[in-house]
Amino acid sequence: MMILIKTQIADEILGGVKTIAPACELDRDAILALLEYPPDPAMGDIALPCFKLSRTLRRSPVQIAQTLAPLIGGDCIDRAEAVNGYLNIYLSGQYLADRLIPAITAEGDGYGSPRIGEGKTVVLDYSSPNVAKPFHIGHLGTTVIGHSLKKLHEFAGYKCVGINYLGDWGTQFGKLIVAYRLWGSKEAVEEKGIDELVALYVRINNAISGNAELGIAPDTSLADMARAEFHKMETGDPENIALWKWFVEISLIEYQKTYKQLDITFDSYKGESFYTDKMPAQVEKLREAGLLKLDDGASIVDLEPYGMPPCLILKRDGSTLYPTRDIAAAVYRKNEYHFDKAIYVTSAQQCLHFQQWFKVVELMGYDWHDQLVHVPYGTVSVNGAKLATRTGNVVLLKDLFAAAIEKVTEIMEEKNPALKGRTDIAEAVGVGAIVFYYLSNNRIKDINFSMEDALSFDGNTGPYVQYTYARACSILEKAGADGTVPASLTITDPLEKTLLVTLSQFEERVRMALRDYEPSYITRYILDVAAAFNRFYHDCAITTAEDPAVRATRIALTGAAKIVLGNAFGLVCLRKTEKI
């Protein structure tokens, strides 16, 4: 609804601008881009800072605001004021209530959807852990950002294909095979699962590189052995292939536990190994197009004319590299899913890699090259230390989630020991605390992860907004609300209007999040709704309001807030908690 209101206001402002300067080339979109939400409702619900028009219109901001104020009107407007060069516009609370509450209630789970993706397909490549390595906090970004983007696109009407592009091929399996044969056993792996595989992987890396602290001298012969074992895998050695499949199976069992906690499912688990037989055709296409060049025995695509280093396609020994696999995977996915957009969610450290192979796809003549989108995110460190599986310096997600769930359980036992289903609720709130903490940050920013901050239950956190949702559910249950909206609504308090204004902005925030591939727009919006609802809850009698019309209106407004919160939760991997 806010989009329609702002469009109407922009048209009225544009009309006023044309009266001041008929030759002005500003259009509706330019005016819309200037409209702001003031930090305080006392300054209006929507504002136009007129100093941004001063140079174009050759008038002072004060004059512009005074000229435009009388032109702003209509049923949705209460008043417009010119204040110190700002045009402050106040919306009608009654107008919002009469139109917004019935619309939210009627649309339910669909409220806020921009419906811009109908008939279109999006492929999303995210999470994609390396097999035989544990899920650690470094994987949280690609996993929850990727899934949030999938939920956003689904909400907007796109058909979405979630792909977990497993790192299930490469020399690390040669290392693991060597380590398993030197120090491992079937019994230990079956008992400890992926933890044993990680221990073996860390041990062989320490053995190859050396570790002075542990008194281990480097042994490069083990690296040669690992390369030889991987080469045997590539040539189909039955024993090595059997071990590899076993390692993959063990890893997937472990990963599924984490995905279940996050309520994440994928449509495809085709990893790097799947594309082994699909790369030669793309290499041949590059060769036929005259794009391949030899450089010290390696085959490259020269990208110097485009300001980038060469893109390596084949090593000197003829083996493939990541760009080769990514190109083959993109071609397969285009043929398989006929996508309108393919999104890759990876660390910002891989930006150059994606720029390179995206450019190669374009040079190959694929006309869908501009449908490829890289969504980078910042790195995660713990107390300033970079994470690395090969050295064992990781914080496992399962340990992080367990700590959060334990803390929530302790709080619940203290505050509500009789609550039924506490185990499931504790998991929803504990895991939600970690996810919400992560997605509250702008995705491109580096995060120095603090366990204490992530598990804080005070302030702008996941538990706070989940408690807010549960509070709305409790009010509705107490009121015996059946979801019907009164024929006549009565708005009597400014806090009711503030909540309505916030609820009206949902679709706009969804569109922004889709435009910028930025889930944090939704987490911040959730906090805005929670803050507006809690102010309304604390200062306005709801179920105890003396006037029946006021009571019915506030119950319906509570129901609308619950729907919007619930819809927004679903976009950022946060579970709806009806009781806490």
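This is a predicted model: local features need pLDDT of at least 70, side-chain atom pairs count only at pLDDT 80 or more; totals for chains, interfaces and linings use all residues.
Figure 1. Residues are numbered from 1 along each chain as its sequence is written, and side-chain values use heavy atoms, with hydrogens and water left out.

The axes of H20 (residues 506-516) and H21 (residues 520-539) come within 9 Å and cross at roughly 160°. H20 is therefore roughly antiparallel to H21. (Axes are lines fitted to C-alpha atoms, for helices over the stretch in contact, and angles run from 0 to 180 degrees between N-to-C directions; angles under 35 degrees count as roughly parallel, over 145 as roughly antiparallel, 65 to 115 as roughly perpendicular and the rest as oblique.) The crossing of H20 and H21 is right-handed. A crossing is left-handed if the near helix is turned anticlockwise from the far one by less than a right angle, and right-handed if clockwise.

**Figure 2. Helix H6 also meets H20.** Leu 152, His 153 and Phe 155 in H6 touch Phe 506, Val 510, Ala 513 and Leu 514 in H20. Six residues of this contact are nonpolar, one is polar and none is charged. The axes of H6 (residues 140-155) and H20 come within 10 Å and cross at roughly 125°, so H6 is oblique to H20. The crossing is left-handed.

**Figure 3. Ala 330 lies in helix H13 (residues 322-337).** Ala 330 is buried, with a relative accessible area of 0%; buried means under 20% relative accessible area, exposed over 50%, and partly exposed in between (1.4 Å probe, protein chains only). Leaving aside residues up to four places away in sequence, Ala 330 touches Phe 339, Tyr 344, Trp 357 and Trp 368. Val 123 is 207 residues from Ala 330 in sequence, yet their C-alpha atoms are 9.9 Å apart.

**Figure 4. Thr 258 is found in helix H11 (residues 238-262).** Its relative accessible area is 4%, so Thr 258 counts as buried. Its contacts, not counting residues up to four places away in sequence, are Phe 135, Leu 397 and Phe 401.

**Figure 5. The structure holds zero disulfides.** Cys 76 is in no disulfide, and the nearest cysteine sulfur, that of Cys 50, is 18 Å away. A disulfide is counted here as a pair of cysteine sulfur atoms within 2.5 Å. Cys 573 is likewise in no disulfide; the nearest cysteine sulfur belongs to Cys 160 and is 13 Å away. Cys 76 is buried at 1% relative accessible area, and Cys 573 counts as buried at 15%.

**Figure 6. The whole chain has 22 helices and 13 strands.** Helices (H or I, at least four residues) and strands (E, at least two) are DSSP runs, numbered from the N terminus. Of the 580 residues, 54% count as buried. The C-alpha atoms fill a box of roughly 80 × 70 × 45 Å, taken along the principal axes.

Methods
Contact means heavy atoms within 4.5 Å. Ala, Val, Leu, Ile, Met, Phe, Trp, Tyr, Cys and Pro count as nonpolar, Asp, Glu, Lys and Arg as charged, and the others, Gly among them, as polar.
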